[in-house]
Amino acid sequence: MIMAESLPGKRLTTAATMLRFAWAADPKRSLLALVLFTLQALASTTFAWWLKVLLDAVPAADLTNLFLATGGLALSLAGNTVLSHGSNQVLLALRERTHALVERRMVEIVGHTPTLDIHETPAYLTHLEVLERETWRFGETVPSLVNLFATGIRIVTTTALLVTVSPALLLLAVLGLPTLLLSSKISRLYHLGNDRTAEIYRRTAVLYDLATKSECAKETRLLRLGPVLVRRFHVEYRKLIGVSRRVAVHAEALGLAGRMIFLLGYFCSLLLVVHWFATGRASIGDVALTAVLAGQILSLLASSAELLQFAWRNLATAGRYVELEGISRQARSRSTAAAVTPARLRDGIRLDQVSYRYPHSTRPALRGIDLRLPAGSTVAVVGDNGAGKTTLVKLLTGLYLPTDGKISIDGVDLATLDPESWRRRTSAGFQDHARFELPLREAIGIGDLDAIEDEAAVRTALQRAGSADLPAALPAGLQTQLGPSWTDGVDLSGGQWQKIAISRAMMRTAPLLLVLDEPTAALDADTEHRLFRQWATASERIKDTSGAITILVSHRFSTVRMADLIIVLDHGELIETGDHDELMARGGLYADLFELQARSYR
Ligand SMILES: Nc1ncnc2c1ncn2[C@@H]1O[C@H](COP(=O)(O)OP(=O)(O)OP(=O)(O)O)[C@@H](O)[C@H]1O
Ligand SMILES: [Mg+2]
């Protein structure tokens, strides 16, 4: 997990990443910002210089210098004002573009990770949570670096001017160092604070969703959960505020200490120059110059300490991005295998001693599964809740890689298959399917992106899902916008959403693997039965051309009995396989469960 300790070594790569972003987002404006800020810094330093010339010209009644200095003062002020407007405009555009680019990359990183286990990795969740709140920091990279650079120039030029009064005043700049050094420590405090609050933020987000999302509205109302949720929300927020306060107080104390050291130096230098003036060793211009410049250095140091802190914090956020990219790359590299998915299945799918344990789980969800799913077969998976049915299906579709053992597709290890090519040949409908709030045609069409525009293909998919009449029941047919989040969106019944999920799974016409993990639970038993018969017939028809395997997870034995092969899972282990007759003759768990269900229908 990324922690502040691991950060220093990574700062350079991280800084490079951030610069790359700004550059990729808008190279012209990045350069322009640098130029404008440098000019602005020079303009404000010359202001102090012209002030000294003016004050020294007064007692000498040097008219040339008086007019020259007045012109110089006006010019540097005007220059500063114009440049500051210009640079602000440039920075604004730069911020927006960089921010947009980072958000896009984040979606790419998360979306392109082929397996699901990263969603159960705490470091990943922490980074994602913090980044969601802090992607704006990427937009600040160039502004904060350019600002730092410009402040650096101002500190150097201001100190150089001070040295013209006396080299002894150089000490003032040295006394500013503690302020700068402390800023890195302060940003580290904030970084650790973020690590500590990320989980609390996640929890408050869950509570917030429970209280506000329409999916939960029925139950939260009926159970009168409102006050309970509010109370818990308060408790979490109190923790959050507690941690943030402690970090802020600690950080402020450190910052104040640094500035006090500098202030002491500031007063000593002023006293020294006043003393020199009294003894005739300095002019009135020198006194004015020192007062103005030392004050300027004070505020420059304060702002550069803040800028540095800001830059460190931006860097820490970028560090999380780099880590996230790394975790995702690692997940991808485990499966960026190049073997190509066969055009058709001849032998089928084999599982050799396959086990899977979810990250941070003590018990394996599947253990030592040995199984052969013959090409062209229809397979049913049964077992109690939590037996491992969905896990098995997720392994077969490549959403997780086995923690032990091997899954082979016609003899080729699934882990070595190019995940893209395997995905193109698998179709799936899940019990916890997504509700894509798109127009109906697209919500189904995304089941096969190549055919998303093909209305006829969408209608065929609807037909194969036994839902040909669904568009007619909706106000704008296939064009109906789904989902309550849209003003003209239509919300559907649970069964209707499920029909869409099944239709989506029916979009691919020649999958090698079709998985249906209880997507029919909201449909009546008859409909499920009819659909499965239809799919079984269809797969029988294409058996010789594609060798497709159809897997159905169901708790309804009237459907299950039709399958060529039935797999019985119990507590993550495969306890029985065979067809209906074999399993009934065996008199094991399957026979018991079948009898139990049959009796309740009699
Ligand atoms: N994301 C996860 N992280 C940790 N454990 C999980 C996760 N998903 C499932 N499990 C655990 O793995 C085991 C198998 O779960 P799985 O979802 O495969 O069961 P199932 O047979 O599909 O059950 P159901 O009939 O309820 O759908 C269960 O003990 C469950 O608690
Ligand atoms: Mg399940």
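The end C-alpha atoms of residues 284-303 lie 28 Å apart, and this span is 100% helix and 0% strand. Here helices (H or I, at least four residues) and strands (E, at least two) are DSSP runs, numbered from the N terminus. The model is predicted: local features need pLDDT of at least 70, side-chain atom pairs count only at pLDDT 80 or more, and totals for chains, interfaces and linings use all residues, while side-chain values use heavy atoms, with hydrogens and water left out. Residues are numbered from 1 along each chain as its sequence is written, and chains are lettered from A and ligands numbered from 1 in the order in which they are written.

**Annotated spans**

- An unreviewed UniProt entry gives the feature "transmembrane region" at residues 34-51, 63-83, 155-182, 260-278 and 284-303. UniProt positions are given in the numbering used here, feature names are shortened, and annotations may be inferred rather than shown by experiment.
- Residues 34-51 are 100% helix and 0% strand, with end C-alpha atoms 27 Å apart.
- The annotation "domain: ABC transmembrane type-1", also from an unreviewed UniProt entry, covers residues 31-308. That span is 90% helix and 0% strand, and its end C-alpha atoms lie 20 Å apart.

- Thr390 is partly exposed at 21% relative accessibility, and Gln431 is partly exposed at 37%. Buried means under 20% relative accessible area, exposed over 50%, and partly exposed in between (1.4 Å probe, protein chains only).
- Ligand 1 has 15 residues around it, of which Gly386, Lys389, Thr390, Thr391 and Gln431 come nearest. A residue is near a molecule or strand if one of its heavy atoms lies within 4 Å of it.
- An N or O atom in the side chain of Thr390 is 2.7 Å from an oxygen atom of ligand 1.
- Gly388 places a backbone N or O atom 2.9 Å from an oxygen atom of ligand 1.
- In Tyr358, an N or O atom of the side chain is 3.5 Å from a nitrogen atom of ligand 1.

**Aromatic rings**

- The structure holds 13 aromatic pairs. One of them is stacked, Tyr590 with Phe594, because the ring centres are 6.2 Å apart and the planes are at 25°.
- Rings of Phe, Tyr and Trp (its six-membered ring) pair if their centres lie within 6.5 Å; planes under 30 degrees apart count as stacked, over 60 as edge-to-face and the rest as tilted.
- Tyr590 and Phe594 are four residues apart in helix H20 (residues 589-601), so about one helical turn separates them.
- Tyr590 is buried at 0% relative accessibility, and Phe594 is buried with a relative accessible area of 13%.
- Phe21, Phe138 and Tyr321 are linked into a cluster by ring pairs.
- Two arginines lie over tyrosine faces: Arg133 is 3.6 Å from the ring centre of Tyr201, and Arg313 is 4.1 Å from that of Tyr190. A charge sits over a ring if NZ of Lys or CZ of Arg is within 6 Å of the ring centre and within 35 degrees of the ring normal.

- Gln353, in strand E1 (residues 348-356), has a positive phi near 50° although not a glycine. Gln353 is partly exposed, with a relative accessible area of 45%.
- His360 has a positive phi of about 65° and is not a glycine either. His360 is in the loop between E1 and strand E2 (366-374) and is exposed, with a relative accessible area of 67%.

**Two further buried residues**

- Gln481 is in the loop between helix H15 (455-464) and helix H16 (494-505), and is buried at 14% relative accessibility. Its C-alpha atom is 17 Å from that of Arg459, 22 residues apart along the chain.
- Ala501 is in helix H16 and is buried at 3% relative accessibility. The C-alpha atoms of Ala501 and Thr520, 19 residues apart along the chain, are separated by 9.5 Å.

Key: Polar contact = N/O pair within 3.5 Å; in protein donor to acceptor, adjacent residues only side chain to side chain.
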